[in-house]
Amino acid sequence: MGGELVPPDEAGPDDVVLSWEGADAVAVRLPQLADSLDHILAAMERKEGRPLAGLDRRAKQEIVRTLEVRGAFAVRHGVETVAGALGVSRFTVYNYLNREKGD
């Protein structure tokens with residue numbers, strides 16, 4: 001997900017501070033959700049072994065299905081980000097999403 005560890009005394013209000021035996025041990029700084037989507041897309045691309053834009057339509061539909069389950073489209077500009085990675089329009093991504101709801 002792209003998180004990083006920081007000393008507990010440098011933790012910000014959005015960081016998660018972990019304690020060990022009653023003492024603060026480390027803080028985890030999580031990325032913004034949009035950054036996480038970029039990490040997820042990069043991992044999917046590594047798994048496929050080529051750019052997602054080079055996949056066939058069926059594979060792109062499967063990617064959209066997987067991303068929907070993972071909540072990618074709850075992220076602001078998620079559809080636009082995914083469309084750019086897949087090399088398709090936002091309209092196409094919405095069609096893939098609506099197609100799944102119709103099945």
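Trainee: How many salt bridges does a search of the whole structure find?
Mentor: The search finds three. A salt bridge here is a side-chain nitrogen of Lys or Arg within 4 Å of a carboxyl oxygen of Asp or Glu. Bear in mind that this is a predicted model, where local features need pLDDT of at least 70 and side-chain atom pairs count only at pLDDT 80 or more, while totals for chains, interfaces and linings use all residues. Residues are numbered from 1 along each chain as its sequence is written, and side-chain values use heavy atoms, leaving out hydrogens and water.

Trainee: What makes Asp15 and Arg29 a salt bridge?
Mentor: Their side chains meet at 2.8 Å, N to O, and the limit is 4 Å, so the pair qualifies. Asp15 sits in the loop between E1 and E2 and Arg29 in strand E3, so the bridge ties together parts 14 residues apart in sequence. Helices (H or I, at least four residues) and strands (E, at least two) are DSSP runs, numbered from the N terminus.

Trainee: Why is Asp15 called buried, and why is Arg29 called partly exposed?
Mentor: Buried means under 20% relative accessible area, exposed means over 50%, and partly exposed is in between, with a 1.4 Å probe and protein chains only. Asp15 has 13%, so it is buried. Arg29 has 29%, so it is partly exposed.

Trainee: What about the salt bridge of Glu62 and Arg65?
Mentor: Their closest N and O atoms are 2.1 Å apart. Both residues lie in helix H2, three residues apart, about one turn of the helix. Glu62, at 39%, is partly exposed, and so is Arg65, at 27%.

Trainee: What is the order of the elements from the N terminus on?
Mentor: The run is β-β-β-α-α-α-α, from three strands and four helices.

Trainee: Why is Val6 called buried?
Mentor: Val6 has 6% relative accessibility, so it counts as buried. This residue is found in strand E1, residues 4–6. Leaving aside neighbours within four places in sequence, Val6 is in contact with Asp15, Val26, Ala27 and Arg29; contact means heavy atoms within 4.5 Å. The C-alpha atoms of Val6 and Arg29 are separated by 7.0 Å, although the two residues are 23 apart along the chain.

Trainee: Which residues touch the most other members of the largest nonpolar core?
Mentor: They are Leu67, Phe73, Val82 and Val93, out of 19 residues in that core. Helices H1, H2, H3 and H4 each supply at least two of the core residues. A nonpolar core is a set of buried Ala, Val, Leu, Ile, Met, Phe, Trp, Tyr and Cys residues joined through side-chain atoms within 4.5 Å. Beyond its neighbours within four places in sequence, Leu67 contacts several residues, including Ile40, Met44, Phe73 and Val82.

Trainee: Why does Gln61 count as buried?
Mentor: Gln61 has a relative accessible area of 8%, so it is buried. It is found in helix H2, and beyond neighbours within four places in sequence Gln61 is in contact with Tyr96 and Arg99.

Trainee: What is noted about the phi of Glu21?
Mentor: Its phi is near 50°, a positive value in a residue other than glycine. Most residues other than glycine have a negative phi. Glu21 lies in the loop between E2 and strand E3, and with 72% relative accessibility Glu21 counts as exposed. His77 has a positive phi too, near 65°, and is found in the loop between H2 and H3.

Trainee: Where is the confidence highest and where is it lowest?
Mentor: pLDDT is the predictor's confidence in each residue, from 0 to 100. Helix H3 is highest, with a mean of 95, and H1 is lowest, at 84. The chain averages 88, and 89% of the residues score at least 70.
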